[in-house]
Amino acid sequence: GNEVQLRVRVAPLGNRFMLVLAADRTEELRLAGVRRDFVANISHELKTPIGALQVLAEAIEAGAEEPARVRSFAQRMQLEADRLGRMTKELIDLSRIQADDPLDHADRFPVTRIVDVAVDRNRVLADAKRIRIIPRVLEEADLLGSEELVTMAVQNLISNAVQYSPEATHVGVGVRVTDGIVEIAVTDKGVGIADEEQERVFERFYRVDPARSRVTGGTGLGLSIVKHVAASHGGEITLWSRPSQGSTFTLRLPASAAPAPEESA
Ligand code: ADP
């Protein structure tokens, strides 16, 4: 909310006056909250590659795969292990910088790269359910902030779309730019979310169906990460959904005004 938290100290000043000292603790408390969220968020993120490793290892152990497929599974496992290694390193880096404002030392990055990487990170999950992820970038634009955090947000939306959809359906990832705002919309034809749940799914650890989430490995943190990333980048996340028809999550972030510098060789 917008309430201000004050730390107040009162000191007597003679017998007719007193001195009142008030310090604004709003920012201090906000940062403490951001740091707490951050730790919770990271443990959630570590579960995705670990889940992929488990699925692939089980497939190999079952022994029904052809050698070529076993090799490709092993390659995929190396990629996931690499990613775990990178995330661990980033976790250490990030805990050093702590949870300060991503807009203070912002990078500029193209939205296409976010979408490509986020789609790619969901490939194993989607293939396992024969779900086709269809990116549609109508317009290119640059974003400003933390590329890793924005990628993580879009990745979470896509992995939810895949997880809460039946097999052999499509997940759309649309990008368009309206009035300086980049809109990334992730659409599925899955189970959907009832009206009365739609606010709550953005709360930390909230899951519509905890029993089902336990099977899929969900923790109820994914959407709170998305919300946190949106807010810290001056954007927002909205949801349209209808039970048993599907959902569209739209992440809106301000486009960076200046074009990205040309990459030099
Ligand atoms: P989880 O790890 O459980 O997926 P999230 O914070 O990502 O946690 O989502 C919270 C809850 O919102 C989920 O448990 C699920 O009930 C619901 N949800 C999220 N995305 C979708 C979706 N695309 N379709 C249907 N339900 C969803």
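What follows is a chat about the strands and a surface patch in a predicted model.

Biologist: Let's start with Thr 250; where does Thr 250 lie?
Modeller: In this predicted model, Thr 250 lies in strand 9, which covers residues 246-254.

Biologist: Is Thr 250 buried or exposed?
Modeller: Thr 250 counts as buried because its relative accessibility is 9%, and buried here means under 20%. Strand 9 as a whole is mostly covered, with 7 of its 9 residues buried.

Biologist: And what does Thr 250 touch?
Modeller: Leaving aside residues up to four places away in sequence, Thr 250 touches Glu 183, Ile 184 and Ala 185, and also Glu 236, Ile 237 and Thr 238. Ala 185 is the residue that stands opposite Thr 250 in strand 9.

Biologist: How do strand 7 and strand 9 pair?
Modeller: Strand 7 and strand 9 pair in the antiparallel sense, over 8 bridges.

Biologist: What about strand 8 and strand 9?
Modeller: Strand 8, residues 236-242, also pairs with strand 9 in the antiparallel sense, in this case over 7 bridges, and Glu 236 stands opposite Arg 252 in strand 9. Strand 8 and strand 9 form a hairpin with 3 residues between the strands, where Ser 244 takes a positive phi near 60°.

Biologist: Going back to strand 7, how many bridges join strand 6 to strand 7?
Modeller: There are 8 bridges between strand 6 and strand 7 (residues 181-188), and the two run antiparallel; within this pairing, Val 175 has Ile 184 in strand 7 as its bridge partner. Strand 6 and strand 7 form a hairpin with 2 residues between them, and Asp 179 in the turn has a positive phi of about 50°.

Biologist: Which way do strand 4 and strand 6 run?
Modeller: Strand 4 (residues 132-137) and strand 6 (residues 170-178) run parallel and are joined by 6 bridges, with Pro 135 standing opposite Val 173 in strand 6.

Biologist: Changing topic, which residues form the nonpolar patch on the surface?
Modeller: The nonpolar patch is formed by Val 4, Leu 6, Val 8, Val 10, Met 18 and Val 20, which together have about 570 Å² of accessible area.

Biologist: Which strand gives the most to the nonpolar patch?
Modeller: Strand 1 gives the most, with 3 residues, while strand 1 (6-13) and strand 2 (17-24) each supply at least two residues of the patch.

Biologist: Where is the place of Val 4, and why does Val 4 count as exposed?
Modeller: Val 4 is in the segment before strand 1, and Val 4 counts as exposed because its relative accessibility is 51%, where exposed means over 50%.

Conventions
Residues numbered from 1 in each chain as written. Predicted model: local features only at pLDDT ≥ 70, side-chain atom pairs only at ≥ 80, totals over all residues. Heavy atoms only, no water. Helix = DSSP H or I, 4+ residues; strand = E, 2+ residues; numbered from the N terminus. Buried < 20%, exposed > 50% of the residue type's maximum accessible area, 1.4 Å probe, protein only. Contact = heavy atoms within 4.5 Å. Pairing = 2+ DSSP bridges. Patch = residues over 30% accessible without salt bridge, like charges linked within 9 Å, V, L, I, M, F, W, Y side chains within 5 Å. Areas by Shrake-Rupley, 256 points an atom, 1.4 Å probe, with all protein chains shown as cover. Salt bridge = Lys/Arg side-chain N within 4 Å of Asp/Glu carboxyl O.
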